[in-house]
Amino acid sequence: MTDAPHVPVARRLLANRMFLAACVLCTGLAVCVLAVLIVSIVLDGVHRLSPDFITNFASRKPDLAGIRAPLVGSIWVCAICALTALPVGVGTAIYLEEFAKRGRLTEFIRINISNLSGVPSIVYGIIGLTAFSRFFGWRSGAEPIEFGSPESLLYLRLPFGSSVLAGGLTLALVVLPIVIVASQEAIRAVPNSLRQGALALGSTRWQMVWRITLPASLPMVMTGAILAMSRAIGEAAPILVLGAPLLVLETPANLMSEFTVLPMQIFNWAGRAKASFQEIAAAAIIVQLTVLMSFNALAILVRQRLQAPLQ
Amino acid sequence: MSHAAAATSSASRGTPITRSSRDRSERLVKSVLLSFALLSVVTTFSIVAVLGIEAWGFFTGFPDKPGIGLVPFLTGTEWSPLLGGEQKFGVLPLVCGTLLVTVIAGAFALPVGLVTAIFLSEYAPPRLRMVLKSALEVLAGVPTVVYGFFALAVITPALQRVSDAFGTYNALSAGLAVGIMILPIVCSLSEDALRAVPQSLRDGSSALGGTKFDTSVKVVLPAALSGIMASFLLALTRAIGETMIVALAAGGLAQMTMNPASQVQTMTGFIVAIFTGDAQANSVEYASSYAVAATLFVMTLALTLAGTAILKRFREEYE
């Protein structure tokens, strides 16, 4: 290593100082961007926030418009998404970490999941539209098949159309890879000695998972689940493809109701030229960010409260 | 992990459950979990099948209308599916728009994100690091439609103050907003990669008289390069697939240009235009959105696979 170029110490120290300055500059830039983002949105929208804004339906007149339908719609969609994506996602993670033998199929499933997480959400929207809203073109043009009465909560219509159920299932596809990967990491973090203890006492694989691995990994699994759900309630592109109506004047009554979500409403308002619509878009963003922050806070709380030290 | 011991262990005497019923429920649970795992495979096949079949129809033609052809689609430089007059389906202007936005986003987010990651991992004291990381977490959780609003309400007016060349919709504003969106991805994944480099390498460099800069940039950075590259590719994948920002801020005119001040339409922006517009479900322009989505899917898949391959092949292993 004798042919390394000789750089004077003074130059190296200068480079050192300049790089530190660049570091501070870049980090400062990132923090500034966040600050400008939040401050500008709050300045734009805070004076539009009021109880009426939360409880009113959308309107063509910005002064009367509110976010009741998208807010309730977001809750419905998020609940459907959680009820489907979490069991399937955690189940997949359990299978891959605790049951699957090393082999072609397992490896294929793993690669497949990592590829799914790179698929743009608008592509999931197209798949959701085709699979859930139209059942791949089954009975296209014909009247949908109905089960139950439209007044009941369990009313079902096949295919699902632009319903809140189709929306929730589509978002479940979007977040499924996130739930799987987070749960896998959580399960992997459980020390092997716990598993071996359970197996040594004669428990079956599933008994070990149900009584030992899953409880031990629950805080991390839940943290991942909450973060996945906060991704789900921020997604607009898939819902847009499904065809949420521009003006929704009622909250969902059952799984087949039409719906809109908060990010869609923000998109509709933000895209209009009139300044007053920009303001209510900013106000809706404040509500959306508040919900997301509380999700994040919840995740941190869960992580800290439930994380019993293992080993 | 060997579980041979468990499989042959004697049946539990404490419970009245017979061994065969236990085995049966065990098999049942296992097959239910396997079916969950296979759902993700089914999802992939659905994506490939739906996009493939619809795009195929678009290329080769349906019984009632002629196809566009794969080669004219991939090499055509004019995209005018909605305007009155002759419909033209050359995807390159959309690809060009996507690339322009992605390049702008990358030019902003990759250097800034990497240097911030180096600062967080190598320089920042633990307290500051925690504060900055939670700020990044907030940025990462912001829905993309919010960045779209930010582009329209803050970035574009700022650009217009600098130069008259910028219209209401322009590629630079959308690109910068996408850059802000992918910044936390670059930052946190690169930081993970940098922190995974063993401390002994840093100590060795310092002991040989390296400055903090020498250590960080000439020792730690090369050691973490595969992880950093993977984070770059992942961030660019997200930038290519980003929809709401470009739908709000980039404009709706598909054109072959690398001028950041002009409006562009991206692939995702076109899909949004089709599904929010009033295109008939059996029209050619509607079918073209599936072909565009298939192109988008192939591009993002290639980037994801490249990222996985880089991580696998170039990972530096340290004891």
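Predicted model: local features only at pLDDT ≥ 70, side-chain atom pairs only at ≥ 80, totals over all residues.
Reader: Why are H1(A) and H4(B) called roughly perpendicular to each other?

Author: The axes of H1(A) and helix H4 (residues 92-123) of chain B cross at roughly 110 degrees. Angles of 65 to 115 degrees count as roughly perpendicular, and H1(A) and H4(B) are therefore described in that way. Their axes come within 8 Å, and H1(A) passes H4(B) in a left-handed crossing.

Reader: What makes the contact of H1(A) with H4(B), by class of residue?

Author: The residues divide into 11 nonpolar, two polar and no charged. Leu20(A), Cys23(A) and Leu29(A) are among those on H1(A), and Val112(B), Ile118(B) and Phe119(B) are among those on H4(B). Leu, Cys, Val, Ile and Phe count as nonpolar.

Reader: What makes up the side of chain A that touches chain B?

Author: The contact takes 68 residues from chain A and 70 residues from chain B. Helix H1 (residues 9-45) of chain A supplies the largest share of the chain A side, 19 residues. By class, that side has 45 nonpolar, 20 polar and three charged residues.

Reader: How do you know that domain 1 of chain B and domain 2 of chain B are in contact?

Author: Two residues are in contact if their C-beta atoms, placed from the backbone, lie within 7 Å. Nine residues of domain 1 of chain B are in contact with eight residues of domain 2 of chain B. On the domain 1 side, the largest share, eight residues, comes from helix H2 (residues 19-60) of chain B. The C-alpha centres of the two domains lie 30 Å apart.

Key: Residues numbered from 1 in each chain as written. Chains lettered and ligands numbered in written order. Helix = DSSP H or I, 4+ residues; strand = E, 2+ residues; numbered from the N terminus. Domains from an automatic or database assignment. Axes fitted to C-alpha atoms, helices over the stretch in contact; angles between N-to-C directions. Parallel < 35°, antiparallel > 145°, perpendicular 65-115°, else oblique. Left-handed = near helix turned anticlockwise from the far one by under 90°.
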